[in-house]
Amino acid sequence: MAGDLFLQRPLLLPLVFTWSIVLVLAHEHHGADLTEEQLHAPVDSILWIHIALQVIVWGFIFPVGMVLGLTRSRWHVPVQSLAFALTFGGIFLGHAHGGRQFPSSIHSHIGSWILVPILAQLGLGIYLKLHIHEHTLRPYAVRAHGLLGRIWPILGWVQGLFGVITLRGFCGEVGAGQCAAHYIMGSGFIAYGVIMALLLVVGDNWVRRSGRSPEWWDSWVIMLWGIVNTFTEHHGGEWSVKDMQHTILGILWWAGGALGIFLSRNNHRNVVPAVIIILTGWAMSDHAQALMLSTKVHSMFGYSLMFAGFARIFEVCFIPLPSSSLSETPPLDDNDSEHTLAPSAPKDAGVATKPNAARAFRHLPPFLLVASGLLFMSATDEELNAVHEEGMDHVTYVLSMYSIAFLFYLLTVFLLHLYSTSGRNASSTQQPSVVFSTEGIELSDTTDASKWYAPLPREEGRSAAVHVLGEDEDD
């Protein structure tokens, strides 16, 4: 018993110390006491460092550490320890900056109380490293640690959005409803794209085990969201054109989603979710706005959705899912020349080119959904009025959002690739290493190779004759 108490002290001390930080940082924000000069002062360097640090930690380091934890990699603890140390520094800077001051906001309150899940996760991690209570408390701690770790990207995404809102001064009493609609639906499109990419890269086997087609899951989400949207877009009074459009979109979603669920029975695939995406995109592309800039951005959002829907139809109808993870074609290493669409030899055309071309095309629908979500999130009246006042045209703005979409999707597929190649998954993806000679010749399977070539294998039961140069046999 005394030994257990001694082992728990390393856990209790940091918890007591860090809980005191919660009590200090969870202070009241006196927004009503701020002067106009404080509200409109320039943003100082400390706040910019806070923003940059938290973006790096929550946007990259924490997700990488989460993936390494899922694969039981030995790098999980070092990476997450670095992330915890940096995020504590970022939180301190967020409360210590000068320059512009901000009124009390959701971001400030979450920023204080976000320490609760952070410290819970840190405490659980320390507890698990002690390897005590193996058959009593530890199994529950493992589940709790894994559950908290999985919500980390969502927590960072939500807090980051509120941070942007606070910094820009958007989504006040007038624009709160529009912000909620754009940010929630835009985040939904992004999540849809991320999940689609997850199923593409690492989820094929899970889809088979579930016994449900991907469209079955899509249709359920679309139907449930349509039910919510139908009864939340009109808030009494006269019906405006936008109220009618948004409400009928909700009806479209739950009606089409119900059809998609029925058609997806017995693991059948269908194009109904893609058709719903196309119709939604068409409606948004013709969604008139007060500013021409806003109309153009909404149009591009609609076109992106329509392209995503058409790409999804093509994928469902003409690009089948891989038949099995244990197919005749082995997985390809990143350095393998067969990753190109052009075959290295005619005999490889049917083996490597078609599956790789199909896999390449399947990245198009999720990327377009991510781009559509970012465009919709950036299309509120307040945001586009600010862009208009800066003198930026719709071409520059749309291409900026697409640039962010490329980076976001890069991060997504990188994390999925890391999941497939790290920790306990590393052994299943190891391929013969590939090197190149000084003449540019690709060489593989270099386990026992010399600098340029590998020795020929000897036949079993026979010893190879040793041939000495210069001792030619006489015929």
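Gln-80 is buried in this predicted model, because its relative accessible area of 11% falls under the 20% cut-off. Gln-80 belongs to helix 4, and beyond its neighbours within four places in sequence it is in contact with Ile-61, Phe-62, Gly-65 and Met-66.

**The chain as a whole**

- The protein chain has a secondary structure of 19 helices and two strands.
- Of its 475 residues, 37% are buried.
- Take the contacts in the protein chain with a separation of 6 or more: 75% of them come from residues 24 or more positions apart.

- The crossing in which helix 4 passes helix 6 is left-handed.
- On the helix 4 side, the residues that meet helix 6 are Val-77, Phe-84, Thr-87, Phe-88 and Ile-91.
- Helix 6 answers with Leu-115, Ile-118, Leu-119, Gln-121, Leu-122 and Lys-129.
- Sorted by class, the residues of this contact are eight nonpolar, two polar and one charged.

**Helix 3 with helix 18**

- Helix 3 (residues 45-70) packs with helix 18 (residues 394-421) at an angle of about 25°, and their axes are 9 Å apart.
- That angle makes helix 3 roughly parallel to helix 18, because angles under 35 degrees are put in that class.
- Helix 3 and helix 18 have a right-handed crossing.
- From helix 3, the residues taking part are Gly-59, Phe-60, Pro-63, Val-64, Val-67, Leu-68 and Leu-70.
- They meet Leu-411, Phe-414, Leu-415, Leu-418 and Tyr-419 of helix 18.
- This contact has eleven nonpolar residues, one polar residue and no charged ones.

**Helix 9 with helix 16**

- Helix 9 and helix 16 (residues 364-377) pack with axes 8 Å apart, at an angle of about 165°.
- The two helices are therefore roughly antiparallel to each other.
- Helix 9 passes helix 16 in a left-handed crossing.
- By class, 16 nonpolar and five polar residues take part in the contact of helix 9 with helix 16, and no charged ones.

- Ser-299 is located in helix 14, which runs over residues 292-318.
- With a relative accessible area of 12%, Ser-299 is buried, because that value is under 20%.
- Where does the side chain of Ser-299 reach? It comes to 2.8 Å from the backbone oxygen of Thr-295.
- Setting aside residues up to four places away in sequence, Ser-299 touches Met-284 and Ser-285.

**Two loop residues with positive phi**

- Cys-171 is not a glycine, yet it has a positive phi of about 60°.
- The loop that holds Cys-171 lies between helix 8 (152-168) and helix 9 (176-201).
- Cys-171 counts as buried because its relative accessibility of 19% is under 20%.
- Asn-267, again not a glycine, has a positive phi of about 65°.
- Asn-267 sits in the loop between helix 12 (241-263) and helix 13 (272-285).
- Is Asn-267 buried, partly exposed or exposed? A relative accessible area of 40% makes Asn-267 partly exposed, because that value lies between the cut-offs of 20% and 50%.

Methods: Residues numbered from 1 in each chain as written. Predicted model: local features only at pLDDT ≥ 70, side-chain atom pairs only at ≥ 80, totals over all residues. Heavy atoms only, no water. Helix = DSSP H or I, 4+ residues; strand = E, 2+ residues; numbered from the N terminus. Buried < 20%, exposed > 50% of the residue type's maximum accessible area, 1.4 Å probe, protein only. Polar contact = N/O pair within 3.5 Å; in protein donor to acceptor, adjacent residues only side chain to side chain. Contact = heavy atoms within 4.5 Å. Axes fitted to C-alpha atoms, helices over the stretch in contact; angles between N-to-C directions. Parallel < 35°, antiparallel > 145°, perpendicular 65-115°, else oblique. Left-handed = near helix turned anticlockwise from the far one by under 90°. Nonpolar A, V, L, I, M, F, W, Y, C, P; charged D, E, K, R; others polar.
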